[in-house]
Amino acid sequence: MALINASSPHIAGKNDTGQMMLQVLLATLPGLLALTLYFGWGSLINCLIAAIVAIGCESLALRLRKRPVIFFINDNSAIVTAVLLGLALPPLSPWWLPVIGTAFAILVGKHLYGGLGNNIFNPAMLGYAFLLISFPVQMTAWLPADGIMQMSFIETLTLIFNNHLDPASVAIVDGLSGATPLDTLKTDLGLSKTVPMIYELPVFQGFLAGKGWEWVNIGFLIGGLYLVYQGIIHWQIPLALLLTLATWAFLFMGYDSDRYGSPIFHLLSGGTMLGAFFIATDPVTAATSAIGRWIYGAFIGLTIWIIRSFGGYPDAVAFAILLMNLAVPTIDYYTQPRSYGHKEAKFGRGKRER
C-alpha cells in the first residue's frame, strides 16, 4: 500500500485567493448600486474600462516575467484592484483616466515590486494618488447627486469616450458640475463661512451627510460587514479607523462647531467606508498582528481627519492608507506576539521556560 508523502496541513479550506476576491467584488455591489442611482452610469463604466485594462496589463507583466498567465489571472486580484480604482474615480471621468490609473496600479504598484504578495503599497490607491496629483481637474469633476439621471447608459458612454453629446445634455452636465461635499466644506471654510452656513447649501441636502454620499457610504458599509461576516477581512482595522475618525471629529466639533464637521459627516462622506472596509484591510499591505491592526487602523483614521481638516486635499483616504502602508513593517515588528513559552525576567532579560 503506497504511503502519501505530503506536507501538512492535510485539511484544505474552501476558499482560495480567487474565491475570496470574488467575495470582495460581490461586496462592492451595494455601493456601486448607490453610485449608479445617484450619480449615473459613469462608475459602472469606469469599473468596466479599468477591469479590461487590468487584465491586459496583468497578462503583459506576467509574460514579461515569464510567469503562467492563466494561473495568476484566475486569482482575480487584478480585477479587484481595477474595480476599487473605478469606484473611486468621478463618474464622468474621460476614458483615458481609468486606463492610465489602472496601468500604473498594475504595472508599477503591483508588478514592479514582484507581484501579488510583494507590493508595499495598495495598488488601487497608488493609482488613485498618481491620478490625483497628475490630473487634479479631472479627478475633482464630480457631479451633484441626481445631476445626470436623465442620461442613458449609451449617452454616458458617448460622453466618456467622445466628450460629445447633444446640446441639451451638454448644458445639463456643464450646468451641474460641482465639488463634492468634502471639497465644498474645505473651500467655503476658507471663505470665512461657518459649518452651519455651509450645511445649508444644496450639495448637503442629504439624509445624514451630503446628498447621495451617505447612501454610497452605507452601501459600502453593508458590503464591508458582509466581508467581516464571511471572515474575508479582519474587523479590527475598519473599527479602529472609524472610531478614531469619529472621535477626533466629535472632539473638535465640540471645541468649535463653526469650523469642524460632525462625526456623521466625516463617516458618511467621500471614500470613508470604501477605504475602511475594502482598501485599508488589504491583506498584503495591512498590518497582520492583532494589536498591529488596531494601531494601523487608528492611525489611518487620525491621518484622514488631519488631512481633511488642515491639509490641501478634501478627501484623504488614499494618502492616509499609503502613508500607513509604509509604517506596516515597523508596526508588525513591534507588535508581533512572543513565542510560546517566553517569559520576561524581572530585570529585563528574557528566559525560556518549558
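**Side-chain contacts in a predicted model**

A salt bridge joins the side chains of lysine 110 and glutamate 58, with a nitrogen-to-oxygen distance of 2.9 Å. The two partners come from distant parts of the chain: lysine 110 lies in the loop between H6 and H7, glutamate 58 belongs to helix H3 (residues 42–64), and 52 residues separate them. The model under discussion is a predicted one, and the count of salt bridges in it comes to one.

The surroundings of this contact can be described through accessibility. Lysine 110 has a relative accessibility of 3% and therefore counts as buried, the limit for that class being under 20%. Glutamate 58, at a relative accessible area of 2%, is buried as well. Both charged partners of the salt bridge are thus placed in the buried class, lysine 110 by its 3% and glutamate 58 by its 2%.

The structure holds 19 aromatic pairs. One of them is formed by phenylalanine 71 and phenylalanine 72, whose ring centres lie 5.1 Å apart with 90 degrees between the planes. This pair is classed as edge-to-face, because an angle over 60 degrees falls in that category. Phenylalanine 71 is exposed, with a relative accessible area of 60%, whereas phenylalanine 72 has a relative accessibility of 25% and counts as partly exposed.

A stacked arrangement is found for phenylalanine 104 and phenylalanine 130, with 4.1 Å from centre to centre and 5 degrees between the planes. The angle leads to the label "stacked" because planes under 30 degrees apart are assigned to it. This pair also links distant parts of the chain: phenylalanine 104 sits in helix H6 (residues 96–108) and phenylalanine 130 in helix H7 (residues 123–134), 26 residues apart. Phenylalanine 104 is partly exposed at 22% relative accessibility, and phenylalanine 130 is partly exposed with a relative accessible area of 28%.

Aromatic residues also form a cluster. Trp248, Phe252, Tyr255, Tyr260, Trp305 and Phe310 are linked into it by ring pairs.

The cysteines complete this account. A disulfide is a covalent bond between the sulfur atoms of two cysteines. The structure holds zero disulfides. Among its cysteines, cysteine 47 is buried, with a relative accessible area of 6%, and cysteine 57 counts as buried at 12% relative accessibility.

Conventions: Residues are numbered from 1 along each chain as its sequence is written. This is a predicted model: local features need pLDDT of at least 70, side-chain atom pairs count only at pLDDT 80 or more; totals for chains, interfaces and linings use all residues. Side-chain values use heavy atoms; hydrogens and water are left out. Rings of Phe, Tyr and Trp (its six-membered ring) pair if their centres lie within 6.5 Å; planes under 30 degrees apart count as stacked, over 60 as edge-to-face and the rest as tilted. Buried means under 20% relative accessible area, exposed over 50%, partly exposed in between (1.4 Å probe, protein chains only). Helices (H or I, at least four residues) and strands (E, at least two) are DSSP runs, numbered from the N terminus. A salt bridge is a side-chain nitrogen of Lys or Arg within 4 Å of a carboxyl oxygen of Asp or Glu. A disulfide is a pair of cysteine sulfur atoms within 2.5 Å.
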